[in-house]
Amino acid sequence: MSSSSINGARKTSSRSAHAQAILGPELCEKLSETKVLLVGAGGIGCELLKNIVLTGFGHITLLDLDTIDLSNLNRQFLFKKKDIKHSKAMVAAQTAGAFNPNVNIHPIYANIKEAQFDIEWFSGFDIVLNALDNLDARRHVNKMCMAAGVPLVESGTAGYLGQVQPLLKDRTECFDCVPKPTPTTFPVCTIRSTPSQPIHCIVWAKSYLLPQLFGEDEDGTGELDEAEKQGENAEEIAALRKEALAYKAVRSALRAQTTEDVAQRVFKKVFHSDILNLLSMSDMWRARAAPTPLDFTAIQEGRFFIQRPSNSSTTTGSAQIIHFQPANGHTNGKTPSMSSSSSSSNGISGLRDQRALSLHDTLELFISSTNRLAERLRKGEDVISFDKDDDDTLDFVTAAANLRSAAYYIDRKTRWEIKEMAGNIIPAIATTNAIISGLIVLQALHLIRKSYAQLRNVHVQFKPTNPLSTSTMCPPNPKCGVCRDTYTKVLCDPARVTLSELVDGILGGDKRDVSVYEDKRILSDPDWDDNLGRTLESLNVGRGKFLTVVDEEEEWGTIVVALSILPPDHPSDGPAYILPSPLPSPPRLEKQQSTPPPAPSRKRSAPDDEILEVGPFSKRAKIDTNGTTSVLNIASPNKRRRLEEDGLLILNSKDDKIEDDVIEID
């Protein structure tokens, strides 16, 4: 057998043989050189990473800011119990890397909104795949891809429903072309170890803490023993054993007939010891505000204040004290207790549900609900699960969620709001994630091949006769405030460049009146130029930020300037910024001609037509018995008043007197 036939046999038997047969050798070769950014390693992200690894995408960057939680394991198959508390991106890359040794996976444990991931960084990818679970991050990635001109495939699931949307600047609408309504349901793919929204705390209290304390006892010692036998990291296993034993001790205390203040014990374990344990993981708080451990006694005595760390990315100065001023006007302290007679009233109870609780009130509710649930366990109830109509579980979730929110500097919610939000959470379904991830790859292949006519929006719907529906791509919305802007990039040193220098450089000496914004902050306008002489650094504008230059006369389109750092080899005595070449050229806007309202006057010009044709008749003309047409009486009070307001006077007969300031129509 010749060497060429042997090589051909080897190629046929390789792991990529099926992909080559389906996709063709040319596309497979292109995929091996493709640089793809996958944002998110959760429900969709795990399935999608497996798909693109097996399809043969050669260079994959996987980014996620979350750590693995117990609740993830039922659908995020790249993780195991031993991986809990570890970075999703790191573990997913390690697990999926074994599926195809020819693929290079670069995991990043970080937030996609960090300054280091600027337009220059995004421009290094051939395609971006979104597997995110929150609207804010989706909008950020969409804007970055529009600015960098990189194709993006957006996706999302909600229970049995799902959607895939390919996005390409100037060819399709972007994610923000269609305004997104505020969701009334809250699809949650993960309970975060670093919450940033009230819903994260609510889901944590409902789906993690409540089952952990009052649900079924899941003894994981057997799995830990097996992991230890297989040579897993002994230190990590010891830490997991310690945490499991601590929760087991708390569970036992809740069920035991004891005089111990068990609610205080639960509080100290969950809101003090566990938070201290998280603070020991310093890498987790590089770009996020570290939480504050709560003090049981200090809150009870009304002397506890929460201080946000000064190294938080959300603060720019010294440490900030959060007072949490609720609607009842009591800051972190005690509130007057309501009388028992008031409590019995249904109307007052409803108002209480909508009243914001102070930190002291929240602690009292936590103690009360914990003791009530513990009493139910002691009376023989084996398992207690959440029910929005169960006052005990709802009180516990309300108190626990708000205590966690306080520790993470998140706005707290009323009992009424938490009941609504917790009752509408949509569970993640592994099958939907798998279907959506497959559809993402199909649309990604169309983008890589530049088969733009084949692009489709795909919806997974709850219709057995038609589970998949597709629609052709819509063109960009001409009024979109994201993809219709003109983007450009400036490399600069924010400490040496002033706002005036940058704006004048971008405009190329064109001295027109403009306003400059950074996100929702206005930095200057024609009537306020105090900031023009200040450096970008002093304005807290730097790498990864966008400056929006708006023409006040509305003659030219908006210019959006993406800021990046100077290249490493840039001379220290060189210019402080490098302008793009050529300079951005925004389109000239068409001004809409608006007809000015006529000047108020009692005299009006007479129309050319007869008076009977001033306005349309509401009814057809009547024909009398003689066959002649009789004119309708249009001089009804309402119609007479409207016509007189337009400067026209209706006469009942030719003998009516006409005032001097009215023009007569023959």
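This is a predicted model: local features need pLDDT of at least 70, side-chain atom pairs count only at pLDDT 80 or more; totals for chains, interfaces and linings use all residues.

Residues are numbered from 1 along each chain as its sequence is written, and side-chain values use heavy atoms, leaving out hydrogens and water.

H11 (residues 262-279) packs on H16 (residues 391-407) at about 25°, with the axes 12 Å apart. That makes H11 roughly parallel to H16 (angles under 35 degrees count as such). Helices here are DSSP runs of H or I with at least four residues, and strands are E runs of at least two, numbered from the N terminus. Axes are lines fitted to C-alpha atoms, for helices over the stretch in contact, with angles from 0 to 180 degrees between N-to-C directions.

Next I looked up the loop between H16 and helix H17 (415-423), where Tyr 409 lies. I found its phi near 60°, positive in a residue other than glycine. Tyr 409 is buried, at 11% relative accessible area (buried is under 20%, exposed over 50%, partly exposed in between, with a 1.4 Å probe and protein chains only).

Lys 450 also has a positive phi, about 60°, but counts as exposed at 55% relative accessibility.

Last, I noted a cis peptide bond between Ser 581 and Pro 582, with omega about 0°.

Definitions and conventions:
Angles under 35 degrees count as roughly parallel, over 145 as roughly antiparallel, 65 to 115 as roughly perpendicular and the rest as oblique.
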